[in-house]
Amino acid sequence: MIRRDSLYRRLLSWLMLPMVALGGLMLFQAWLDARQTADRAFDRLLEASTLAIAEQVQWQDGRLWLDLPPAALEMLATDAEERVFYAIYDDRGHFVTGNADLPGVDAPVAENRDTTDALFYQDIRWHDLALRLGVRRTHIEDWRQRERFEIRVAHTREGRQQLAEQLLRGNLMYIFGMALLAAITLFIAIRSALAPLTRLRRAIRARDPRTLSPLELPLPRELAELRETLNELLARMRRVRANQERFIGDASHQLRTPLAGLSARAELALRQDDPAQWHQALSAMHETSARTSRLAMQLLSLTRLDNPEYQPELATLDLGDLARRLVKRYWSDCHRQAIDLGAELPATQVMVSGLDWQLEEAVTNLVDNSRRYGATRITVRVSAAPPQLEVEDDGPGIPATKQLLMLRPFHRHSEDPDGSGLGLTIVDGIARSHGARLGLADGKAGQGLRVTLTFPEGDPA
Amino acid sequence: MRRGLAILMLGGLSLIADADPPPGDTHQQASTLIIHGALDKPYMRPLLADFRQQHPTLEVDYRNRDTLPLYRDFLAAPDEADVVISSAMPWQYRLANDGYAQPLKTPSAQQWPAWARWRQELFAFTFEPIVMVVHRELLERYSRPDNHAELLALLRQQREPLTGRVVTYDPRLSGAGYTYAIEESRLSPRYWDLVAALGDVETSLAATTGEMLDGLAEGRYWIGYNLLGSYARQFVAANPDLEMIIPDDYTLVIQRLAFMPRQAPHPDNARRFLDYLISRRGQAVIAGETSLGAIHPDLSGPGTAAAWRTTHGDALRPLTIGPGLLATLDELKRQALLSRWQREFKRDDSQSREAVSGSNE
């Protein structure tokens, strides 16, 4: 399931990323909180200790005097056996007594300092020891003396650290528990969200490759759309295949009839002894086989045109030039049949991108059709805007209701034994491979047929 | 404070430490151990002998000092000693508190009872009660003072005959005497009555236990108050005229504290010796061959803290190894205590008599 660039991994990492960031933030906050809580708890000891000392400070013999209570220091030791330091300074900053020369704090002196005590806490480094310093600024309550002094006590931070670590450990359990729960939930959620995708994939893989029936399985909305799209594609493929099957059936039928004719004619001729008869049979057979060969050619080119994979390399060409060349090629044949073949060309070149052999084939087919259905006048016409190639005749034409049907293969307008019913279908295929639109219309004066290929405008320029 | 005793012992005894080459011997520096201690050599010798048996290649240099010079010298040169031993608990504590000691993290150090150590830096390895020693003459004439109250009553009742016959520490001269005074004044306010009564009988003031024991042996004094039990025990055992009394109301107990200086020149040897001091083996030597009192929890029987506790359990008051000791060292507190002590000691007769009659009522 987990593979490079998988949806699963992408979802997981995008959901995990904010979770991890949030977790980190929570950890940091928990650490700060633990430290603060531990400091608050232990600062009480500094407060109590300075208070106990302050109560023992007196004015005696013209100087500050202290009977240091041992308990004031013992309470600072705590369970962690902290190192303890204390010192008393008078108002002028002179050391009175103590076991260490502790630094003071840079705190502003309060205005009403004669009546209130001020307490300050600070983390300091002193002789390579990390200490927490508590400073109390107070004064003596005596009848006349109001001597101010400062008590500084400090102890190492080990007890605080232990408490902070203990608090943090408690919080860590909580945070890790939550993170684990969230991760598991996320894991399960993503798995179950992606499970229908796996189902769909299995359903597609398990299908018989020849089956084109629609997919029937319950899926969530987003995937149901995909399923519908797939089903539409399958439906189109079904239609295409039905067309192909019909085409193959028709094609076999079309090929079988002339072949059966050939076989019958040959059998008949073999029973004769007269060479003249043989000659007649052979020429008839030659004619039939030529027609059959042409039919096969047409089927081949139609198959090629119908292949959706077929992407011809289009080249720029002049439609007028093409029309002139074809009229020249067929003029003498038509003239022999007393058909008036002509071309109507604009003064300028009409450039389109296309394959000249295909376009020649299309025009040849159309001219052939017109000749076969008894037209006496055929006009090949090229016009510039939009680029159009048109073949018009004055034959019987096709009623408007049947014009579309004519595009289907093997559909013939009349019972002409020579026609294959593929001509217009091929022209339609060529038009599509050129991106051109095929139009069928009545000829001038409501007689005959006009077939127009309209090319996309401005394409080759 | 025990210089007298040390001198006494010096004469006939050859000391192991004296046989060792000087510590400046550079090519053997790594296998040298320098101990600065306030523990007389007769007490130290069995320990050193046993230790050297364990580590025959080690050269041990033991220097015995008084407690206060030891403290001052250490502050002046904290990188000279590998192990520092002293019975002046507040001073030792202060050095450890100020970060001069380095921790010992051996299994015996981890298991050492919490009341006998501070962090893993300062280790108490002896158990020495503070006792009274009385002369036979006193017992023949008067009742035996079994506790502080009885001593106070005796001093008050027999003021005239006991004048000049009592000896105790001078708290102004002796660190030990000062430490006991401050601890006793914390234990009971009646201590000051005792000081006043001691003053009334014109108690002689001495600087060391040895000095007091000498005076008692000579018969100059009948009562010696606050003597170091570890020294007194051996002395009294050898002297049938004297008797040691362990007060049954309260008995202070001091402990010798040892630590390894952070700047010890031979830290590995220091660790070895300190670990030995608190090992079962070292403590067994203390219990069996000295009168210092072993405190290893596995040891019991004579010469151990456990034995002391079974006989005098309720009365024993070991000094707490904690920052309370720092208060003892506070200069203002020292001045306040000594001035009060002097005031009480010098209280004139009339005041004293009033106090006596007052307390008798």
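Rings of Phe, Tyr and Trp (its six-membered ring) count as a pair if their centres lie within 6.5 Å. This is a predicted model. Over all chains, the structure holds 15 aromatic pairs.

**B:F51 and B:F273**
- The ring centres of B:F51 and B:F273 are 4.9 Å apart.
- Their planes stand at 80°, so the pair is edge-to-face; the cut-off for that class is over 60 degrees.
- The pair links distant parts of chain B, 222 residues apart.
- B:F51 belongs to helix α3 (residues 41-54), and B:F273 belongs to helix α14 (residues 267-277).
- B:F51 is buried, with a relative accessible area of 0%.
- B:F273 is also buried, at a relative accessible area of 0%.

**B:Y93 and B:W118**
- B:Y93 and B:W118 form an edge-to-face pair, 5.0 Å centre to centre.
- The angle between their planes is 65°.
- B:Y93 lies in helix α5 (residues 89-97) of chain B, and B:W118 in strand β5 (residues 117-118) of chain B, so the pair ties together parts 25 residues apart in sequence.
- B:Y93 counts as buried, at 0% relative accessibility.
- B:W118 counts as buried too, at 2% relative accessibility.

**Charges over rings**
- In chain A, A:R152 lies over the face of A:Y89. The distance from the ring centre is 3.8 Å.

Technical notes:
Residues numbered from 1 in each chain as written. Chains lettered and ligands numbered in written order. Predicted model: local features only at pLDDT ≥ 70, side-chain atom pairs only at ≥ 80, totals over all residues. Heavy atoms only, no water. Phe/Tyr/Trp six-rings, centres within 6.5 Å; stacked < 30°, edge-to-face > 60°. Helix = DSSP H or I, 4+ residues; strand = E, 2+ residues; numbered from the N terminus. Buried < 20%, exposed > 50% of the residue type's maximum accessible area, 1.4 Å probe, protein only. Lys NZ or Arg CZ within 6 Å of the ring centre and 35° of its normal.
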